[in-house]
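Have a look at the structure first.

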Amino acid sequence: MVFRSNMSLALDEARNAAARGEVPVGAVVVAPDGTIVSSAGNRTRELNDPTAHAEMLAIRDACAILGVERLGEHDLYVTLEPCPMCAGAIANARIRRLYYAAGDAKSGGVAHGARVFSHPQCHHTPEIYDGVNATEAETLLTEFFATKRMKPE
């Protein structure tokens, strides 16, 4: 089977989130056969829910669609390094592989900060691939926050 990145779909979700005024982060859950199971962008403001991160929404949706509580053979593509909350959800969902674009030195929970997967209490660690389309994701985030700084809310 030939590897095919689905980061472009996650970036589309991030752009959609930005258009809604959300921090531009997108996520996609992919089945072992390459089928897209679910995708989401951040909706924390829209839903008034601090847990409505793209990863959380995509994982919840995938589990609901498949009628399972774990996604052990599934991969997750996300445009920003998951925060500790999302990394915990990824571990609990038993995601097989995590692909993420931009690192997050401020709030990341994988390579930065809490480094959730390196703790002995973490019951599952996915294969991790970082830097996939990182420049595009970083540009999207930088432009979003530059625009926010220019416009008072």
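## Helix H5, outside and inside

On H5, the face turned away from the buried side carries Thr135, Thr142, Arg149 and Met150, which are exposed (over 50% relative accessible area with a 1.4 Å probe, protein chains only; buried is under 20%, and partly exposed is in between). Ala134, Ala137, Leu140, Leu141 and Phe144 of H5 are buried. They sit on the same side of H5 because they cover an arc of only 135° around the axis, taken from the directions from the helix axis to the C-beta atoms.

What do the buried residues of H5 pack against? Their partners are helix H1 (7–19) and strands E3 (75–80) and E4 (97–102). As for length, the 17 residues of H5 (134–150) should span 24 Å at 1.5 Å a residue, and the end C-alpha atoms agree at 24 Å apart (the expected span is 1.5 Å times one less than the number of residues).

## The whole fold

The protein has five helices and five strands, in the order α-β-β-α-α-β-α-β-β-α along the sequence. Helices (H or I, at least four residues) and strands (E, at least two) are DSSP runs numbered from the N terminus.

Of the 153 residues, 46% count as buried. The C-alpha atoms fill a box of roughly 45 × 30 × 30 Å along the principal axes.

## About the model

This is a predicted model: local features need pLDDT of at least 70 and side-chain atom pairs 80 or more, while totals for chains, interfaces and linings use all residues. Residues are numbered from 1 along each chain as its sequence is written, and side-chain values use heavy atoms, leaving out hydrogens and water.

Note on methods:
Contact means heavy atoms within 4.5 Å.
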